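Q: Can we go through this structure together? I'd like to start with the ligand and then look at the helices.

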Amino acid sequence: MITHVSRRHILKQLGLAGTAALLSPPASAIFASTSKKARILIVGGGYGGVTTARYLKRHLPDAAITIIERNPIHVACPASNLVIAGWRPYITLFSHYDNLARLGIRIIHTSITSIDAARRLVELDSGEKLPFDRLVMAPGIQLDWNAIPGTENGRHQQLAHAWIAGHQTLLMQRMITSLPAGGTLIMTIPPSPYRCPPGPYERASLIASRLRITNPRAKILLIDGKKSFSKQRGFMAAWDELYPGMIEWISLEQEGPLDHIDISTQTVHTAFGRHRADVLNVIPPQRASQLAAANGLTDASGWCPVDTADFSSTLAPDIHVIGDACQAGPMPKSAFAANTQAKVCAAAISASMHDQPLTPTPLINHCYSLVSPQQAISITGIYLHDNEQHQLKTISLTESTRSDDRTAEANQTYQWYEHFRQDCFG
Ligand code: FAD
């Protein structure tokens with residue numbers, strides 16, 4: 001059952017002093033001295049992958065841990081909405097892999113092209129094959145353009161999504177500055193599940209905070225594939241107060257699903273309506289990465305089914321899947337969730353290598369959303385794997401209320417971001 005209580009109360013209920021206690025592996029595992037010389041490969045150097053590597057190194061100091069990541073620098077999605085709205089420089093999104101290398105974690109910057117689960121081998125872009133004892137997949141998402149008629153067959157390349165950070169973040173930023181005076185920005189938002197459920201609404205808020213100064217007659221139209229959205233009350237209250245009349249939300253109930261997009265005229269067609277944009281931001285539906293899908297790790301949902309006790313794939317032995325790519329029941333797809341899942345997965349791999357029983361650990365997702373550069377709202381979910389029903393259950397879900405101090409929450413957002421980056425990348 002979901003109850004609405006304070007975060008302090010939740011932690012007290014669980015008998016835990018704070019999130020550090022929730023997220024840390026058991027001391028017995030950290031100080032284990034008997035770790036085998038295991039070969040553990042991690043696919044993806046995003047939040048899930050790097051956290052797994054760092055925590056595995058603590059659990060299994062002698063193991064050979066390798067991350068395979070195609071990009072030389074990590075560009076963050078969290079805080080990218082601040083960059084899009086021109087409140088932060090792009091470079092602040094970068095994280096480097098040097099601190100992981102200093103811990104003795106090997107990082108290979110290349111792409112994995114295939115996985116041979118039976119022979120426990122992965123093949124790299126170069127054709128080289130690497131063996132593994134355990135494989136942890138944290139490859140993130142792919143964008144499903146085939147789900148939006150009008151954008152398939154490569155036509156989407158003319159569109160801005162900015163849902164994978166990098167050059168798309170800069171493209172979106174430029175498009176905001178090119179919005180004509182009094183023009184309309186349309187953002188299409190996919191049905192759930194997708195990466196960062198409150199992300200589109202944070203983006204709308206931060207763009208509004210910029211346009212209020214540079215283009216006060218501009219409009220932001222959100223065309224949503226859902227009937228409701230994460231932190232809806234908090235966002236809508238903030239929009240009324242801070243940007244009256246600027247942001248309009250069109251729900252699935254009002255106009256039905258997205259029908260198609262006419263890129264040549266920048267027009268979004270829903271089941272019952274039609275809207276022309278001056279600037280278009282299309283956030284498409286998503287699925288687990290191409291690598292996971294092509295190697296038999298996804299089911300009909302498009303995501304990777306896992307046993308949430310240890311994040312092992314239910315479709316392939318000795319392979320774990322964490323982060324956005326996996327189906328973790330009620331847990332949203334976020335960097336915070338990927339980081340928590342990584343810690344549970346690392347502890348579980350260590351326990352199995354030491355022939356120790358698995359201790360059930362609560363998983364946490366704490367998600368801040370900026371409604372302006374100076375104000376934020378948040379939501380906290382706590383989840384626990386139910387051994388009898390073999391699924392992750394929500395223990396509590398708490399949202400900030402109208403009386404919460406949004407300025408204090410914004411300060412916490414910025415502090416969280418810095419600490420979180422360190423916890424992941426060192
Ligand atoms: P990713 O971070 O996507 O990492 C996957 C990595 O795998 C990538 O680096 C990719 O290059 C690599 N990879 C994939 N395939 C291969 C291959 N074949 N070979 C080699 N490498 C490969 N979350 C929060 O918690 N808080 C926030 O405030 C927040 N804000 C967000 C704002 C926006 C605008 C967006 C879009 C997302 C936001 N998120 C936020 C969500 C967060 O970014 C994701 O949930 C998170 O990145 C998921 O981590 P991951 O490790 O699963 O995947």
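What follows is a short chat about the ligand site, helix packing and one loop.

Q: What kind of model is this, and how are residues numbered?
A: It is a predicted model: local features need pLDDT of at least 70, side-chain atom pairs count only at pLDDT 80 or more, and totals for chains, interfaces and linings use all residues. Residues are numbered from 1 along each chain as its sequence is written, and side-chain values use heavy atoms, leaving out hydrogens and water.

Q: How many residues surround the ligand?
A: There are 32, counting a residue if one of its heavy atoms lies within 4 Å. The closest are Gly48, Glu69, Arg195, Asp324 and Phe336.

Q: Which polar side-chain atom lies 2.6 Å from a ligand oxygen?
A: One of Glu69. A side-chain N or O atom of Asp324 is 2.8 Å from a ligand oxygen. Arg70 uses a backbone N or O atom, 3.3 Å from a ligand nitrogen. A polar contact here is a pair of N or O atoms within 3.5 Å.
A: The protein covers 93% of the 1000 Å² of accessible area that the ligand has on its own (Shrake-Rupley method, 1.4 Å probe).

Q: Which helices each supply at least two shell residues?
A: Helix 4 (47-59), helix 5 (80-84) and helix 12. Helix 12 gives the largest share, three residues. Helices are DSSP runs (H or I, at least four residues) and strands likewise (E, at least two), numbered from the N terminus.

Q: How do helix 4 and helix 12 pack?
A: Their axes are 8 Å apart, at an angle of about 30°. Axes are lines fitted to C-alpha atoms over the stretch in contact, with angles from 0 to 180 degrees between N-to-C directions. The crossing is right-handed, meaning the near helix is turned clockwise from the far one by less than a right angle.

Q: Who touches whom there?
A: On helix 4, Tyr47, Gly48 and Thr51 are among the residues in contact; helix 12 brings residues including Ala335, Ala338 and Asn339. Contact means heavy atoms within 4.5 Å. By class, nine are nonpolar, six polar and one charged.

Q: And helix 12 with helix 13?
A: Those axes come within 11 Å and cross at roughly 35°. That crossing is left-handed. Ala335, Phe336, Asn339 and Lys343 meet Trp416, Phe420, Asp423 and Cys424.

Q: New topic. Where is the cis peptide bond?
A: Between Ser192 and Pro193, with omega about 0°. Pro193 is in the loop between strand 11 (184-189) and helix 8 (199-214).

Q: What about Cys196's phi, positive or negative?
A: Positive, about 60°, although Cys196 is not a glycine. Cys196 is in the loop between strand 11 and helix 8.

Technical notes: Polar contact = N/O pair within 3.5 Å; in protein donor to acceptor, adjacent residues only side chain to side chain. Nonpolar A, V, L, I, M, F, W, Y, C, P; charged D, E, K, R; others polar.
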